[in-house]
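Q: I would like to learn how to read this model. Can we go through it feature by feature?

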Amino acid sequence: MEIEQKTKKILDEAMQDVIQELLINDEHDVPHLVYIHKVYWDNGLKVEFSTPEEDKEALIPLVHDAIYAQIAPTLPKPEKTLWAALKAKLYSFFQMFANLV
C-alpha cells in the first residue's frame with residue numbers, strides 16, 4: 001500500500017498545475033495526449049502545455065486550434081461603427097485612384 005501512496009503523491013504533484021487534459025487527433029487520426037498548464041493572450045494566443053509525445057513542436061498548431069475552438073465563441077466581436085464603414089469606403093476610393101497612376 002505504501003507504493004500506491006507514493007505513486008499517487010508523485011502523480012498529484014505532477015498534475016497540480018494542469019488545468020485541462022486534451023486528447024487531440026492529428027490529420028492522420030492519430031490521438032495525442034496533451035496537458036494544458038496555462039493559457040493567456042499576449043499579442044496572440046499563448047498556450048503552455050506538456051505531453052508524453054516526443055515531437056512536441058508538431059502538436060503546437062493542433063493545441064492552439066483546440067484551445068481557440070473552445071474560446072472563439074466567447075471572444076468579443078468587433079462592432080461595425082459608422083467611422084469604420086467610412087474609413088473602409090475612403091480607403092477603397094483612394095485605392096481606385098492609386099491603381100490609375
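Q: Which residue in β2 does Ile24 stand opposite?
A: Start with how the model is described. This is a predicted model, where local features need pLDDT of at least 70, side-chain atom pairs count only at pLDDT 80 or more, and totals for chains, interfaces and linings use all residues. Residues are numbered from 1 along each chain as its sequence is written, and side-chain values use heavy atoms, with hydrogens and water left out. Now the case: Ile24 stands opposite His32 in β2. Strands here are DSSP runs (E, at least two residues), and helices are runs of H or I with at least four residues; both are numbered from the N terminus.

Q: How many bridges join β1 to β2?
A: Two strands pair if DSSP finds at least two bridges between them. Strand β1 (residues 20-25) and strand β2 (residues 31-41) are joined by six bridges and run antiparallel. Leu22, for one, has Val34 in β2 as its bridge partner.

Q: What does β2 pair with in strand β3 (residues 45-50), parallel or antiparallel?
A: The pairing of β2 and β3 is antiparallel, over six bridges. Trp41 has Leu45 in β3 as its bridge partner.

Q: Which residue in the turn of the β1 and β2 hairpin has a positive phi?
A: Most residues other than glycine have a negative phi. Asp29 is not a glycine, yet its phi is positive, about 65°. The hairpin has five residues between β1 and β2. Asp29 is exposed, because its relative accessible area is 60%. The classes are these: buried is under 20% relative accessible area, exposed over 50%, and partly exposed in between (1.4 Å probe, protein chains only).

Q: Which residue takes a positive phi in the hairpin of β2 and β3?
A: Asn43 does, with a phi near 55°. Three residues lie between these strands. Asn43 is exposed, with a relative accessible area of 79%.

Q: Which residues make the nonpolar surface patch?
A: Patches take residues with over 30% relative accessible area and no salt bridge; like charges are joined within 9 Å, nonpolar side chains (Val, Leu, Ile, Met, Phe, Trp, Tyr) within 5 Å. A salt bridge is a side-chain nitrogen of Lys or Arg within 4 Å of a carboxyl oxygen of Asp or Glu. Here Trp83, Leu86, Leu90, Phe93, Phe94, Met96 and Phe97 make a patch of about 740 Å². Trp83 sits in helix α3 (residues 82-100).

Q: Which residues gather in the patch of negative charge?
A: Glu53, Glu54, Asp55 and Glu57 do. Glu53 lies in the loop between β3 and α2 (56-71). Glu53 counts as partly exposed, at 31% relative accessibility.

Technical notes
Areas by Shrake-Rupley, 256 points an atom, 1.4 Å probe, with all protein chains shown as cover. Lys, Arg positive; Asp, Glu negative; His and termini not counted. Charge placed at Lys NZ, Arg CZ, Asp CG, Glu CD.
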